[in-house]
Amino acid sequence: MRRPPDSLPRRSREAARHRLIAGKHKDTSGVIVIHSEEHRLQAGRSELNDGQLVPCYEKPARADIVRARIEAVGFGPIVEPTRHGLAPLERVHDAGYLGFLQTAWDEWVKEHGADIDALPLNWVAPGMSRRRVPRSIDGRLGFYSFDAGTPITAGTWRAATAAADSALTGADRLRGGDRSAFSLCRPPGHHAGHAFYGGYCFLNNAAIAAQSLRDGGAARVAVLDVDYHHGNGTQEIFWERGDVLFVSIHADPIDEFPYFCGHADETGAGVGEGANLNLTLPWGTDWTGYAEALAAAAAKIREFGADALVLSLGADTYGGDPISRFRLLSEDFLRMGAAISGIGLPTLFVMEGGYAVDDLGVNVVNVLTGFEQA
């Protein structure tokens, strides 16, 4: 399995690091927002949840509500992402997996028709072989996915690549000297790994942005994931990397999706040992408990000595979220933004989860407001 190198050539590291750090001092006002209307092309009909096919929680209204709130409070400007092509995606994801995503819908239609979305039927279990990619589309759906809640549709590839371009454009803005940027990505990305999708995620937008920052000169990058669910894909991508720190604050996976990783004793491997920190919290956590975990995350990031921060911004920690069990209030997201600002790094916010649609815009914009006003 190919992985990107974990360091720049020695002769270029210090000069590249200086360029990024120098950009921190650029005088900017407000938060630029990067968003593509192509997110609407990912509009699944249903997902499997609690034994039933139900309407998808991850739907276009999520991004629409956030954008409407951004416009209402005057954040911006809102700009379209710049196209970056496949190369930055291949720095993070397996080429065979990317090829699968590009063709999966057409192959599904040939086999099953276009009246239903593509959902997997079965998965690889321990002891079963992953040495051969199945020929049939049903086999490959199971080979490359880990749940039945992430439908592939006619527009999935275009929507996912537009989201990745939004994250990459945000990384470009940080390299250009902006203190912060908000990539309003949809579909989200933190559950997508090097060669798998699930949890509503196809391309790992935050990881793609972090790798872009590394390739553009940052000696070290931190990814902080504040989504209610563990960012298992981001952890897997950077598991053996010492140049990218991954810190995740999330519901304890002994009780919560994605269940099979995200535990506190998972700290990385090889040169990545110690560059992975999982801060697990119980159901019912309110701001008091969450603030303690956020302070620990900030301390770890400062200790790591990152040049830039990518923030996987999930707002499903909100008490009213329909598929989560934390108890944060809308005003707590202002406090969250202020605490993130206190880390003192150029920060790219990348949209992840959050399914209390009516309140999502307020909660997301509160994070940005708290960051800007701190």
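Biologist: What makes phenylalanine 349 and phenylalanine 371 buried?

Modeller: This is a predicted model, and in it both phenylalanine 349 and phenylalanine 371 are buried, a word that applies to a residue with under 20% relative accessible area.

Biologist: How many aromatic pairs are there by the rule for ring centres?

Modeller: With ring centres required to lie within 6.5 Å, the count comes to 13 aromatic pairs.

Biologist: Why is the pair of tyrosine 228 and phenylalanine 326 called edge-to-face?

Modeller: The two ring centres are 4.7 Å apart, and the planes stand at 80 degrees; planes over 60 degrees apart count as edge-to-face, so that is the name for the pair of tyrosine 228 and phenylalanine 326. Tyrosine 228 lies in the loop between strand E6 (221-225) and helix H8 (232-238), while phenylalanine 326 lies in the loop between strand E9 (308-313) and helix H10 (330-341), so the pair ties together parts that are 98 residues apart in sequence. Both tyrosine 228 and phenylalanine 326 are buried.

Biologist: What kind of aromatic pair do phenylalanine 349 and phenylalanine 371 form?

Modeller: Phenylalanine 349 and phenylalanine 371 form an edge-to-face pair, with 5.1 Å from centre to centre and 85 degrees between the planes. Phenylalanine 349 belongs to strand E10 (residues 347-351) and phenylalanine 371 to helix H11 (residues 357-373), so this pair ties together parts that are 22 residues apart in sequence.

Biologist: Which residue has its charged end over the ring of phenylalanine 304?

Modeller: The charged end of arginine 220 sits over that ring, 4.4 Å from the centre of the ring of phenylalanine 304, where the limit for such a placement is within 6 Å. Arginine 325, in turn, lies over the face of tryptophan 283, at 3.8 Å from the ring centre.

Biologist: How do you know that the span of helix H2 agrees with its number of residues?

Modeller: At 1.5 Å a residue, the 14 residues of helix H2 (residues 60-73) should span 20 Å, and the end C-alpha atoms are 21 Å apart, which agrees.

Biologist: Why are the buried residues of H2 said to line one face of the helix?

Modeller: The buried residues of H2 are Pro60, Arg62, Ala63, Val66 and Ile70. Seen down the axis of H2, these buried residues fall within an arc of 160 degrees, so they line one face of the helix. The buried residues of H2 pack against strand E1 (32-34), strand E4 (78-79), strand E5 (180-183), E10 and H11.

Biologist: Why does alanine 68 count as partly exposed?

Modeller: Alanine 68 also lies in helix H2, but its relative accessibility is 42%; buried requires under 20% and exposed over 50%, so alanine 68 counts as partly exposed.

Biologist: What makes helix H7 mostly covered?

Modeller: In helix H7 (residues 205-215), 10 of the 11 residues are buried, among them Asn205, Gln211 and Arg214. Just after H7, glycine 217 takes a positive phi of about 130 degrees.

Biologist: How do you know that cysteine 261 is too far from the closest cysteine sulfur for a bond?

Modeller: The sulfur of cysteine 261 is 12 Å from the closest cysteine sulfur, that of cysteine 201, whereas a disulfide needs the two sulfur atoms within 2.5 Å, so the separation is too far for a bond. The structure holds zero disulfides. Cysteine 56 is in no disulfide either, with the nearest cysteine sulfur, that of cysteine 201, 13 Å away. At 8% relative accessibility cysteine 56 counts as buried, and cysteine 261, at 18%, counts as buried too.

Biologist: Why is aspartate 50 called exposed?

Modeller: Its relative accessibility is 72%, and exposed means over 50%, so aspartate 50 counts as exposed. Aspartate 50 is found in the loop between strand E2 (47-49) and strand E3 (52-54), and has a positive phi of about 55 degrees although it is not a glycine.

Biologist: Why does tyrosine 259 count as partly exposed?

Modeller: At 39% relative accessibility, tyrosine 259 falls between the limits of 20% and 50%, so it counts as partly exposed. Tyrosine 259 lies in the loop between E7 and E8, and its phi is near 70 degrees, a positive value in a residue other than glycine.

Note on methods. Residues numbered from 1 in each chain as written. Predicted model: local features only at pLDDT ≥ 70, side-chain atom pairs only at ≥ 80, totals over all residues. Heavy atoms only, no water. Phe/Tyr/Trp six-rings, centres within 6.5 Å; stacked < 30°, edge-to-face > 60°. Helix = DSSP H or I, 4+ residues; strand = E, 2+ residues; numbered from the N terminus. Buried < 20%, exposed > 50% of the residue type's maximum accessible area, 1.4 Å probe, protein only. Lys NZ or Arg CZ within 6 Å of the ring centre and 35° of its normal. Expected span 1.5 Å × (residues − 1). Arc of directions from axis to C-beta. Contact = heavy atoms within 4.5 Å.
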